[in-house]
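Student: I am new to this structure. Please show me how to read its features.
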Amino acid sequence: VTESFSEQAIAFANRLSTLATRTIGSSVEFAIIEVDDRRRRIGPGPFDLTEDGSGFQWIGLPRACDDGEPARLFPKVEFEVGMDPEDQHLAVRLSTFGLWVRPGPKRGHRPVVRVKYDRDATAKPASHVHLHAELAWVYGTAGESLPRLHEIHFPVGGKRFRPTVEEFLLFLHRGRLFRDWVTTNWRAAVDTSLGEWEERQARSTVRRFPDAATDQLRSMGCRVQSPAPMSPLSDGGETDDIGSIALVLHALDQRAVAVG
Amino acid sequence: VTKLDRSEIVGMLSRAAEKHGLDLRRFFELDRADELDDPNLRDLWLIWGDVLSENDVRRSA
């Protein structure tokens, strides 16, 4: 039985609270804010509209070099969640997280790096990174030498869910770095290629996580039979092999027929 | 789960915009044009902007 929207939102907030407690050490309770039936906003609580900003709290990240002074580094983690189109699973619609600094008590919070996600974005990549000049402040106050920007490796996704060449081409266009495309249909070609990549990734994910894929397909009403215990494949190439996996892939292809 | 009235969020957005010398209409327009420079306002709009309706913007004018 799929949990309700509220139950899933609470579970999501609890996971964030646990992660914060286990990593930053602060006892942070993520708050869930309901304004309407369809969406919830989630961020560090307690939520307080009298506070400056979004109402969510800043999580202090004390460094040894701060010598016991109030924290000056602040990770920011805020989400908007809703349900997926099937109304079954929680989906993140928007998120902003990153590192902010407050160089002094009289100065406001300023961003160092922000990672933003907007599921419905059309004029920019759904997920993207903003870099800010305060990066130098963080290194300087910690007594660290400032690396050159190209020496810092900003995460933009794992081995499966990473930016694509197609998204990079769109970045060149949006950033006005290159616009002399060989044909006016370049955008359609990029969109088609991106769609094919997403489908290949879906198949590859199923090969990597067959048990999870099987569970998901069954929850959608598909009949999936495994002839033998399934085990994940390595992250190798795009090979189509092994009966049990092929069955899952076939079930995925037949989803529209099998559901219901 | 804390339930909030829309008006409370609209009030928060108004106060934030005002702090930066903007009214809600201008706040809205700058976001649409992707010309909102202040990162605080950009993040605020990302998470809360869609609570705002055209009526709210009109009423605030």
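Tutor: Start with contacts: a contact means heavy atoms within 4.5 Å. In chain B, residues 24 or more positions apart account for 52% of the contacts with a separation of 6 or more. This is a predicted model: local features need pLDDT of at least 70, side-chain atom pairs count only at pLDDT 80 or more, and totals for chains, interfaces and linings use all residues. Residues are numbered from 1 along each chain as its sequence is written, chains are lettered from A and ligands numbered from 1 in the order in which they are written, and side-chain values use heavy atoms, with hydrogens and water left out.

Student: Which helices and strands does chain B have?

Tutor: Helices (H or I, at least four residues) and strands (E, at least two) are DSSP runs, numbered from the N terminus. Chain B has four helices and one strand. Along the sequence they follow the pattern β-α-α-α-α.

Student: What does the radius of gyration of chain B agree with?

Tutor: The radius is taken over C-alpha atoms, and the globule rule is 2.2 Å times the number of residues to the power 0.38. For 61 residues, a compact globule would have a radius near 10 Å; chain B has 11 Å, which agrees. The C-alpha trace of chain B spans about 30 × 25 × 20 Å along its principal axes.

Student: Which residues of helix H2 of chain B are buried?

Tutor: Buried means under 20% relative accessible area, exposed over 50%, and partly exposed in between (1.4 Å probe, protein chains only). In H2 (residues 24-32) of chain B, the buried residues are B:Leu24, B:Phe27, B:Phe28 and B:Leu30. Seen down the axis of H2(B), they fall within an arc of 165°, so they line one face of the helix. That arc is of the directions from the helix axis to the C-beta atoms. The buried residues of H2(B) pack against helix H1 (6-19), helix H3 (39-48) and helix H4 (54-60) of chain B. Just after H2(B), B:Asp34 takes a positive phi of about 55°.

Student: Is A:Asp66 buried or exposed?

Tutor: A:Asp66 is buried, with a relative accessible area of 4%. A:Asp66 sits in the loop between strand S2 (40-44) and strand S3 (73-83) of chain A. Not counting residues up to four places away in sequence, A:Asp66 touches A:Leu61, A:Ala71 and A:Arg72.

Student: And where is A:Leu131?

Tutor: A:Leu131 lies in strand S6 (residues 127-131) of chain A. A:Leu131 counts as partly exposed, at 41% relative accessibility.
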